[in-house]
Amino acid sequence: MSAAIVVRTPNWLGDTVMALPMLAALRTAEPAARITLVGRWATLLIGQGVADIVLPYPKPLAARRRLARTLAAERADVAVLLPSSIESALAAWRWRAVRRIGYATDGRAPFLTDALPLPAPRRHQVDEYAALLTPLGVSGGATAPVWTLRDDAGLDAEIARLLADAGVAADARLVGLHLGAAFGSSKLWPAEAFGRLAQGLAAGGLTPVLLGTGEDTDTAAAVTRAAGGPIASLVGRDRAALLPRLLARLRCLVSGDTGVAHLAAAVDVATVTLFGPTDRRITAPRGRKSRTLDRAAPCAPCFLPRCPIDHVCLARIEPDEVLHEVRQAVK
């Protein structure tokens, strides 16, 4: 048994959610260990029962050095590295972790004590994360992330106010339309298509609500113009702590391949995820109500953040097709 384990969690929201089964399996296998999570989205995992200590991973170099000194003083028995970067391996080496487990990518094998070959062919991200526990003799666990929603009357009241301020009736059957993607514009379904989908949803007795960060404000305006009328919008108005509970209020979420889709699936909300530049076999949300749509294109999946041509992979997905999937999901 290991007395102290540090897990460097992923840099992206969706990957952090997909790490939950691995983290839960580690907690089950090492109930007495002190497990510390360190990562950009790690603090969102507070309350999920997978760690004793949860720390954000700071951006400023000086702050990272202070964190490294703190963790080095602890001298963890094991560090498990979910990001595939050389930076994460160097960090674990500076943390003086006795064992450093990760995939042998980005030239970082010399800084790992357990350098695992990247699976070929690639596996779903949930399964690749789980396989990192093999050197510790840990296997099995869940195949899909499950998010635990704790009772929090204050957050529930804040969400109710946000929806009311957006003009959403308390009994509305909400369908979230998430407009953005941190990866890049290649993951974005056209605003005109979202507008036509919103029209169809409203005509069928469902209430579309636009979701996204403040960076999606212009896109939200374009969607509203395409819909020919006002649409309830929470774009730029929610925050990370609210997101799981807000998503749980939806009947369905429509989005590109984004972290929000993975979180929605983990809270057991139906998802319709539109894939273009990325591969659904590797990163599709795993949930009992998850659906995916993509269209064959000779250049897909390209994994490029911006499409250099005409974005045919996503442009070929028609609003009527998405509307059909939503209707099937909310039956």
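This is a predicted model: local features need pLDDT of at least 70, side-chain atom pairs count only at pLDDT 80 or more; totals for chains, interfaces and linings use all residues.
**Reading helices, contacts and backbone exceptions**

Visitor: Which residues of H8 are buried?

Guide: Buried means under 20% relative accessible area, exposed over 50%, and partly exposed in between, with a 1.4 Å probe and protein chains only. Helices (H or I, at least four residues) and strands (E, at least two) are DSSP runs numbered from the N terminus. In H8, the buried residues are Ala-220, Val-223 and Ala-227. These residues cover an arc of only 60 degrees around the axis, which puts them on the same side of H8; the arc is taken from the directions from the helix axis to the C-beta atoms.

Visitor: What do the buried residues of H8 pack against?

Guide: They pack against helix H7 and strand E8 (207-211), where contact means heavy atoms within 4.5 Å. Just after H8, Gly-228 has a positive phi of about 75 degrees.

Visitor: How is the crossing of H7 with H8 to be read: left-handed or right-handed?

Guide: Axes are lines fitted to C-alpha atoms, for helices over the stretch in contact, and angles run from 0 to 180 degrees between N-to-C directions. The crossing of H7 with H8 is right-handed, meaning that the near helix is turned clockwise from the far one by less than a right angle.

Visitor: Which residues make the contact between H7 and H8?

Guide: From H7 come Ala-191, Glu-192, Phe-194, Gly-195, Ala-198 and Gln-199, and from H8 come Thr-219, Ala-222, Val-223, Ala-226 and Ala-227. Of the residues in this contact, 7 are nonpolar, 3 polar and 1 charged. Here Ala, Val, Leu, Ile, Met, Phe, Trp, Tyr, Cys and Pro count as nonpolar, Asp, Glu, Lys and Arg as charged, and the others, Gly among them, as polar.

Visitor: At what angle do H7 and helix H13 pack?

Guide: The angle between H7 and H13 (residues 319-329) is about 45 degrees, with the axes 9 Å apart. That makes H7 oblique to H13, and H7 passes H13 in a right-handed crossing. On the H7 side, Ala-193, Arg-196, Leu-197, Gly-200 and Leu-201 meet Pro-319, Val-322, Leu-323, Val-326 and Arg-327 of H13. The contact of H7 with H13 has 7 nonpolar, 1 polar and 2 charged residues.

Visitor: Which residues of helix H4 are buried?

Guide: In H4 (residues 86-94), Ser-88, Ala-89, Ala-91 and Ala-92 are buried. Seen down the axis of H4, the buried residues fall within an arc of 160 degrees, so they line one face of the helix. Their cover includes strand E1 (4-8), strand E4 (78-81) and strand E5 (99-103).

Visitor: Which peptide bonds are cis?

Guide: Two examples can be given. The bond from Ala-120 to Pro-121 is cis, with omega near 0 degrees; Pro-121 is in the loop between strand E6 (114-116) and helix H5 (125-131). The bond from Ala-300 to Pro-301 is also cis, with omega near -5 degrees, and Pro-301 lies in the loop between E12 and H12.

Visitor: Which residues does Phe-303 touch, not counting residues up to four places away in sequence?

Guide: With that exclusion, Phe-303 touches Phe-183, Pro-277, Thr-278 and Asp-279. Phe-303 lies in the loop between strand E12 (290-293) and helix H12 (312-315), and at 45% relative accessibility it counts as partly exposed. The C-alpha atoms of Phe-303 and Gly-184 are separated by 10.0 Å, although the two residues are 119 residues apart along the chain.

Definitions and conventions:
Residues are numbered from 1 along each chain as its sequence is written. Side-chain values use heavy atoms; hydrogens and water are left out. Angles under 35 degrees count as roughly parallel, over 145 as roughly antiparallel, 65 to 115 as roughly perpendicular and the rest as oblique.
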